[in-house]
Amino acid sequence: MRSARKPAGRLGVLATQAAFVAGILALWYLATTRWGVSRILLPSPVAVWNALVNVVTSGEFLPDLRVTLFEVAVAFAISATCGVTIGYLVSRSGFRTRVYEPLFAAMYAVPLILFLPLYVLWFGLGPASKIALGATISFFPVALNTITGFSHVDRTLVTAARSMGASGFALFRFVLLPAAFPVILAGMRLGFTVALLSIIGTEVLASLAGLGHHIVELSENMEPARMFAYVAFVVAIAAVLNFAVSLLEAWGRRW
Amino acid sequence: MVTATMPHRFAKNPFIVRLGVIALVLVIWEVAGRWLVDPMFFAPASRVGWDLASVFKTDGVPGAMGITLLELVAAFALAVTAGLSIGLAVGLHTFSRRAFMPIILFLYGMPQVTILPIFVLCFGIGPACKIAFGFTHGVFPIIVTVAAGVQGIKPILLVGARAMGASAWQELRYVVFPHLVPSLFTGMRLGMTGVLLGVLLAELYVSTAGIGFFTTQFTQNFQPSLLLGLIGTLAAMAIVLNAVMRRLEARFARWRD
Amino acid sequence: MVRVTEPAIRIRGVSHRFGEEGEARNVRALLDTSLDVARGELLCLIGPSGCGKSTLLNVIGGLLAPTAGKVEVLGKGVAGPMPREVAFVFQEHALFPWNTVRENVDLGMRFQGVAAAERAGRAQRALAAVGLEDFADHFPGQLSGGMRQRAALARALSLQTDILLMDEPFGALDEQTRMILGEDLSVLLAATRKTIVFVTHSLGEAVFLADRVAVFSARPGTIKQVITVDEPHPRKPDFVMSEKFTKLRNQLYGLLHDEIRKTMSAESAGPKTPGALS
């Protein structure tokens with residue numbers, strides 16, 4: 001039951017949101033300039049803005065951005081290929097699905113970032129440990145969605161195709177894959193988001209390079225304004241990447 | 001007609017096969033640990049199990065574990081209370097929902113780990129910052145699920161209640177709240193996952209106290225057996241907590257299906 | 001030239017059971033069914049729910065191997081799907097939603113093994129035959145139920161098989177659309193002389209479309225009686241109002257009524273898994 005959004009109502013919503021954001025900014029400004037909140041804890045919004053402009057224009061974020069994006073790309077590439085392949089192989093048999101799907105679901109529920117110290121022990125503090133952990137964590141949503149996608153292909157479609165003479169590869173290419181594709185794509189979007197989050201997280205926790213690491217470095221060097229600027233920058237990058245990925249997913253669903 | 005023989009029937013039961021898969025993984029773990037991988041980096045399952053006792057005898061580990069558990073409980077309780085209140089406040093009125101939901105969703109999707117250093121600066125390296133970080137991770141899924149649950153109440157049910165003379169309070173108690181219960185438990189399950197993530201992230205970050213201290217120590221001293229034991233115990237704790245939440249959710253969401 | 005016209009489909013003693021003896025799922029769907037379908041005739045299978053008519057259709061088409069008995073199609077024993085001889089039209093959800101109507105028709109021929117050069121022409125003719133040329137580049141999700149079933153029929157027609165097996169193709173449609181599509185099918189039948197086996201629940205539809213109607217008993221299903229409808233194709237819409245139609249429809253009702261009652265009481269009395277739909 002959807003009622004038409006009256007333009008007045010919509011305006012009111014936007015006005016409230018704008019007022020809310022403005023209010024937060026005002027509080028922030030007052031807190032740092034008038035109310036004596038320590039500048040080390042909370043830099044003034046002006047300082048943060050200046051630092052942000054400086055960071056973006058100087059391009060000093062580039063090396064760290066490159067490291068982070070590289071790690072995310074490799075980790076996701078690994079988890080996507082393994083996840084789809086293994087997911088498909090499991091889905092081929094109802095029995096295998098009943099054996100492995102609950103196992104994967106249980107492992108997905110554990111905060112796998114817990115294993116970071118182990119991966120650091122094995123792979124050191126460099127990109128390898130982050131890529132490995134990122135790939136491990138993002139494997140599960142991809143695999144689980146792939147299993148679901150292939151298991152829930154409408155049986156009638158498969159029967160109809162068989163009746164027309166399709167089998168083996170033709171059946172996979174023209175029926176199973178297109179039918180499962182939207183669900184698999186959703187899983188890959190989830191996997192990408194998870195990979196991005198876990199890599200930034202591992203960079204914060206134990207790393208020598210990358211955006212997350214740089215944020216920690218700035219915090220330890222007592223450069224709060226710059227640090228806040230970087231946080232905003234990372235949030236923006238994450239939002240842009242997630243948005244791009246969700247557009248891809250929407251394209252995959254276009255029918 | 002062939003009747004199924006005993007071993008045949010075992011092979012057909014997914015649960016048993018799953019146990020078999022886990023057993024196989026344990027065997028590979030054992031073999032790899034004993035003969036294949038450098039003992040500086042890996043330990044066989046048997047040694048990890050054996051050393052589990054010494055992990056707990058290590059000075060400070062049981063204390064750290066206990067504190068972590070308390071942090072989880074505290075963060076979760078706070079997240080549920082705040083999440084329920086805010087979720088109700090936002091969800092009950094269409095206007096507040098439309099105004100504030102986008103803001104909440106934006107915060108929910110933000111990589112909070114980037115502000116972890118700020119939390120530590122603010123709250124210090126003790127339990128406070130871990131509780132706070134767990135709270136911020138757990139509160140958003142609860143808000144979102146509760147708001148969605150409230151919004152999903154079929155208007156005809158509220159109209160019906162009003163037609164029978166229910167007051168606003170009675171509407172809340174007899175229509176809104178019962179409807180809310182499944183969403184609340186789903187939210188709590190997601191919230192628990194979030195709280196686990198937040199608390200553990202914070203613990204791992206702080207390498208001078210708590211769990212993080214010991215993981216750093218075991219890593220730097222190349223003590224894989226102890227490290228595996230510690231992580232394994234934490235993972236088991238996470239699995240148990242998640243399983244409990246799932247059970248609760250299934251129990252209280254029965255009428256949904 | 002004198003040639004004994006062989007039946008297009010020969011069904012001999014077909015029985016089918018789902019599940020194994022002793023299992024909860026064990027169900028005897030079909031019991032010792034025998035029937036001949038002549039070339040160029042439209043035979044209807046009608047009966048109460050669960051009487052095995054769809055099962056028999058799947059057995060004829062080679063999608064299901066019966067637990068007993070055999071079927072011959074155009075003189076050859078049936079051992080699996082026969083895409084060159086038999087085309088199916090299902091009740092719904094058989095069009096690939098990610099392909100346009102034209103792509104769906106093309107894909108059917110591709111599965112069958114038709115050369116690429118021929119496919120476009122055959123597709124166009126099949127779409128014209130069902131009146132969908134203007135909607136060929138739409139997705140099934142954008143079409144009404146009736147148009148989707150027309151598209152499914154076009155796909156089956158493009159395969160140029162001698163035999164068409166239709167499993168309640170109009171079952172999900174409203175009454176008025178059914179009537180129109182039924183009339184169109186009758187016209188098509190007169191033009192192409194295909195052999196059609198048509199499963200339906202609707203008495204009126206059976207009498208209007210069929211040359212013969214095979215009436216099934218309740219589960220385990222077997223053919224109770226076969227009624228002949230002696231009226232040439234294409235059948236005019238006013239056939240429905242004639243005395244002959246009413247008499248035949250009443251005859252069908254008489255045969256079916258008890259079987260339907262039996263099915264309903266078996267469903268309410270017997271053990272049921274919770275949430276199961278009959």
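Reply: Among contacts in chain B between residues at least 6 apart in sequence, the share that joins residues at least 24 apart is 74%. Two residues are in contact here if their C-beta atoms, placed from the backbone, lie within 7 Å. This is a predicted model, in which local features need pLDDT of at least 70 and side-chain atom pairs count only at pLDDT 80 or more, while totals for chains, interfaces and linings use all residues. Residues are numbered from 1 along each chain as its sequence is written, and chains are lettered from A and ligands numbered from 1 in the order in which they are written.

Me: How many helices and strands does the secondary structure of chain B come to?

Reply: Helices (H or I, at least four residues) and strands (E, at least two) are DSSP runs, numbered from the N terminus. Along the sequence, the pattern of chain B is α-α-α-α-α-α-α-α-α-α-α. The count for chain B is therefore 11 helices and zero strands.

Me: What radius of gyration does chain B have, beside that of a compact globule of 257 residues?

Reply: The radius of gyration is taken over C-alpha atoms, and the globule rule is 2.2 Å times the number of residues to the power 0.38. The C-alpha trace of chain B spans about 75 × 75 × 30 Å along its principal axes. A compact globule of 257 residues would come near 18 Å, but chain B has 24 Å.

Me: How far apart do the C-alpha centres of domain 1 and domain 2 of chain B lie?

Reply: Domain bounds come from an automatic or database domain assignment. In chain B they give domain 1 (6-52) and domain 2 (55-256). Eight residues of domain 1 of chain B are in contact with nine residues of domain 2 of chain B. The C-alpha centres of these two domains of chain B lie apart by 33 Å.

Me: What separates the centres of domain 1 and domain 2 of chain A?

Reply: Chain A is assigned domain 1 (1-37) and domain 2 (58-252). Taken over C-alpha atoms, the centres of domain 1 of chain A and domain 2 of chain A are separated by 34 Å.

Me: Which element gives the largest share of the side of chain B that touches chain A?

Reply: In this interface, 38 residues of chain B are in contact with 38 residues of chain A. The elements of chain B that give two or more residues to it include α2 (14-36), α9 (168-205) and α11 (224-252). By class, this side of chain B has 30 nonpolar, six polar and two charged residues, where Ala, Val, Leu, Ile, Met, Phe, Trp, Tyr, Cys and Pro count as nonpolar, Asp, Glu, Lys and Arg as charged, and the others, Gly among them, as polar. The largest share, nine residues, comes from α11(B).

Me: What radius of gyration does chain C have?

Reply: Chain C has seven helices and 10 strands, and its C-alpha trace spans about 55 × 50 × 45 Å along the principal axes. With 278 residues, a compact globule would have a radius of gyration near 19 Å, and the value for chain C agrees, at 19 Å.

Me: Which strands stand at the edges of the open sheet of four strands in chain C?

Reply: Two strands pair if DSSP finds at least two bridges between them. The order in this sheet of chain C is β2-β1-β4-β5, with antiparallel pairing. Each edge strand has a single partner, so one side of each is left without a neighbour in the sheet. The edge strands are β2 (27-37) and β5 (76-77) of chain C.

Me: How many of the five residues of strand β9 of chain C are buried?

Reply: A residue is buried if 20 or more other C-beta atoms lie within 10 Å of its own, exposed if 12 or fewer, and partly exposed in between, with C-beta atoms placed from the backbone. Of the 278 residues of chain C, 41% count as buried. Strand β9 (residues 212-216) of chain C is largely enclosed by the rest of the structure, because its buried residues number four of the five.

Me: Which residue of β10(C) stands opposite A214(C)?

Reply: β9(C) is joined to strand β3 (residues 42-46) of chain C by four bridges, in parallel, and L45(C) stands opposite A214(C) there. β9(C) also pairs with strand β10 (residues 223-228) of chain C in the antiparallel sense over five bridges. These two strands, β9(C) and β10(C), form a hairpin with six residues between them. In β10(C), the residue opposite A214(C) is V226(C).
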